[in-house]
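Hi,

Here is the structure I promised to pass on to you.

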Amino acid sequence: MATFTLSIVDWLILAIYFAFILGLGYYLKRFTKSQEDYFLAGRKNSAWVAGIAFLSANLGALELLGMTGNTYKYGMYVAHFYWVGAVPAMLFLGLYMMPFYYSSRIHSVPGYLKLRFDERTRVLNGIAFGVMTLLVSGINLYAMALVLRTFLGWDWNVSIIVSAATVAFYVTLSGLMSAIFTEIIQFFLIWFGLFLVTILGIVEVGGVDQVLKNIPASFGTLWSTSGDASQNGMEITWAGIVLGLGFVLSFGYWTTDFLVVQRAFSAKNLRAARMTPIIASFPKMAVPVIVVLTGLVALVLAKTPGSGFALLQDGGKINYDSTLPLLIMRYYPHGLVGLGVSALLAGFMAGQAGNISAFNTVWTYDVYRAIINKNASDANLMWVGRISTVVGVCLSVVTAYWAMGFPSIMDYMQAIFSWVNAPLFATMLLGMFVVWITPAGAFWGLLVGMGTSITMFLAVKFQWIDPARITLSSAASDMAVNFWRAWWAWLVCFVTTIIISLFTKKKPREELIGLVKGLTPETARDGIPFMKRPEFYAILSAIVLVILNVYFW
Amino acid sequence: MKPIWYFVGLFLTVTGLVVLASGIYDLINPPVEKTVLANLHAGVWWGGIILLSGLLFYVVNRKKTVE
């Protein structure tokens with residue numbers, strides 16, 4: 001197949017990108033003086049900085065490539081991941097959960113579990129999160145090397161080592177602060193580097209109307225074909241979308257995954273922390289302009305005789321992830337190719353940096369200080385944070401090479417989230433809003449919930465049970481099974497936690513002040529006008545969400 | 001320290017300048033192998049948009065410092 005040929009201008013743009021992020025890491029080191037600076041970027045960020053970083057930590061290249069390809073495969077249903085599958089959870093985090101997180105001055109999400117429940121629940125979640133983060137980081141690294149080899153012909157080892165070393169350099173030097181700075185650069189790079197593909201694609205096809213006219217009818221709707229799973233490309237009903245994606249997976253990810261929540265912890269005050277996910281919800285709703293529209297353009301081009309556009313084939317299977325790189329290759333001249341490749345690289349590297357900065361914090365506070373050295377000094381914690389960054393990057397590299405030997409583990413990315421985040425959301429929800437939930441209930445509920453998710457995954461993989469029993473529908477795509485598995489894991493954790501809490505010892509109420517609704521003073525409004533409050537922006541965001549869903553019904 | 005928006009401005013300015021220059025070069029010396037829609041000269045106007053955005057961020061934030 002044809003590969004990108006990088007000209008000297010393209011290399012120059014790549015060099016500028018690397019020089020900037022390495023230079024930023026070095027520049028920020030002088031401002032990283034305490035553990036608060038290193039792990040929480042000094043808690044000085046404005047809502048806008050934290051908000052864009054919050055979104056960027058999630059906007060990895062793997063997601064951009066995967067979702068553009070998924071749109072080609074499933075149609076506009078992919079927009080659910082960005083709208084109903086994200087925005088309600090982001091607003092809920094900002095409005096209701098952030099006051100408990102931020103006001104308790106914790107360093108990590110497992111830190112909340114320690115305050116609300118006990119040490120064992122914190123350590124269980126800390127270890128599960130650490131393993132998940134390194135797996136995701138390694139798979140991300142592997143995916144990047146795969147893309148660079150396929151489209152640029154670059155060597156595996158060079159791609160993996162150069163990007164891992166770059167991330168290790170700037171995160172080790174200045175921690176979360178450099179991760180956030182590079183995430184914001186990445187945000188702009190992705191928009192300027194990839195939005196042009198959408199524009200040129202629409203111009204070639206003849207307008208958005210022509211795009212929608214030339215795709216199968218069910219590919220251009222969001223809900224109208226969701227009554228019957230066999231009538232839409234994703235083979236899922238509205239119940240699966242709402243319960244699995246919209247509720248459990250989405251709330252589980254956006255409200256409990258420390259990778260994104262850590263960005264809100266870096267905000268300068270409670271109002272900025274609450275605004276962080278609410279601000280992020282606006283650009284989140286705009287991301288389908290790149291991924292969904294581009295995927296649909298690719299679908300139209302592939303169906304147009306003589307367009308010369310066709311996705312790659314790997315061993316007779318269509319490689320859907322090739323959609324975006326092939327369109328870049330189709331439209332971008334030299335110079336812009338360098339910009340597009342930098343945008344993809346930035347997406348991969350920022351995703352890895354986000355995982356590593358979350359890993360080093362959880363490892364340092366929720367494993368090292370909780371189990372190994374309870375009286376660690378400020379300097380010692382920073383030292384451990386730096387060491388765990390390097391070790392985390394090295395383990396990611398090992399995972400990447402492991403993934404190279406078993407390429408199918410890429411398919412397990414969604415599954416990994418449902419193992420850890422889905423049950424954790426039940427624990428958090430009960431912990432924050434129900435006073436009588438006990439530490440024993442939380443620990444065993446979480447353990448049983450995680451076990452349920454992993455067991456269901458294995459049961460489907462090794463064909464011990466029919467996937468239709470999980471999805472409650474005869475048509476069951478892999479995506480539908482993921483959504484429904486997350487729902488069952490959440491439900492099992494939720495019910496188990498409640499039942500065990502009924503029979504076990506409760507924490508004294510005075511220890512729960514500031515951690516549970518009903519025992520916490522309402523958020524102070526102190527005369528802030530309504531139009532400056534998080535509630536106002538959340539209402540605006542919800543209105544936009546409703547309009548988009550109704551328009552594309 | 002300088003705010004992140006200052007660095008965003010600097011980065012977009014430098015990158016936009018390179019893309020614009022490359023687009024103008026292609027306009028004057030059209031490449032033999034053309035991409036689809038090469039006649040739109042995307043490098044010129046897109047590079048210009050990046051450059052202007054970068055300059056805006058840079059000018060607004062060049063004298064600002066944050067804690």
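Below is what I found, going from the whole chains down to single residues.

First, some housekeeping. This is a predicted model, so local features need a pLDDT of at least 70 and side-chain atom pairs count only at pLDDT 80 or more, while totals for chains, interfaces and linings use all residues. Residues are numbered from 1 along each chain as its sequence is written, and chains are lettered from A and ligands numbered from 1 in the order in which they are written.

On confidence: pLDDT is the predictor's confidence in each residue, from 0 to 100. Chain B has a mean pLDDT of 93, with 100% of its residues at 70 or more. For the complex, the predictor gives an ipTM of 0.96 and a pTM of 0.90.

**Chain A**

There are 21 helices and two strands in chain A (helices are DSSP runs of H or I with at least four residues, strands are runs of E with at least two, and both are numbered from the N terminus). Its C-alpha atoms fill a box of roughly 70 × 55 × 55 Å along the principal axes. A compact globule of 553 residues would have a radius of gyration near 24 Å, and chain A agrees with its 23 Å. That radius is taken over C-alpha atoms, and the globule rule is 2.2 Å times the number of residues to the power 0.38.

Of the 553 residues in chain A, 59% are buried. Buried means 20 or more other C-beta atoms within 10 Å of the residue's own, exposed means 12 or fewer, and partly exposed is in between, with C-beta atoms placed from the backbone.

Just after α18(A), Gln463(A) has a positive phi of about 60 degrees.

Is Tyr365(A) buried or exposed? It is buried, because 24 other C-beta atoms lie within 10 Å. Tyr365(A) sits in helix α15 (residues 336-372) of chain A. Pro110(A) is 255 residues from Tyr365(A) in sequence, yet their C-alpha atoms are 8.9 Å apart.

**Chain B**

Chain B has two helices and zero strands. Its C-alpha atoms fill a box of roughly 50 × 15 × 15 Å along the principal axes. For 67 residues, a compact globule would have a radius of gyration near 11 Å, but chain B has 15 Å. Buried residues make up 40% of the 67 in chain B.

**Where they meet**

Finally, find Val8(B). Leaving aside neighbours within four places in sequence, Val8(B) is in contact with Ile184(A), Ile185(A), Phe188(A) and Phe57(B).

Enjoy exploring!

How values were computed. Contact = placed C-beta atoms within 7 Å.
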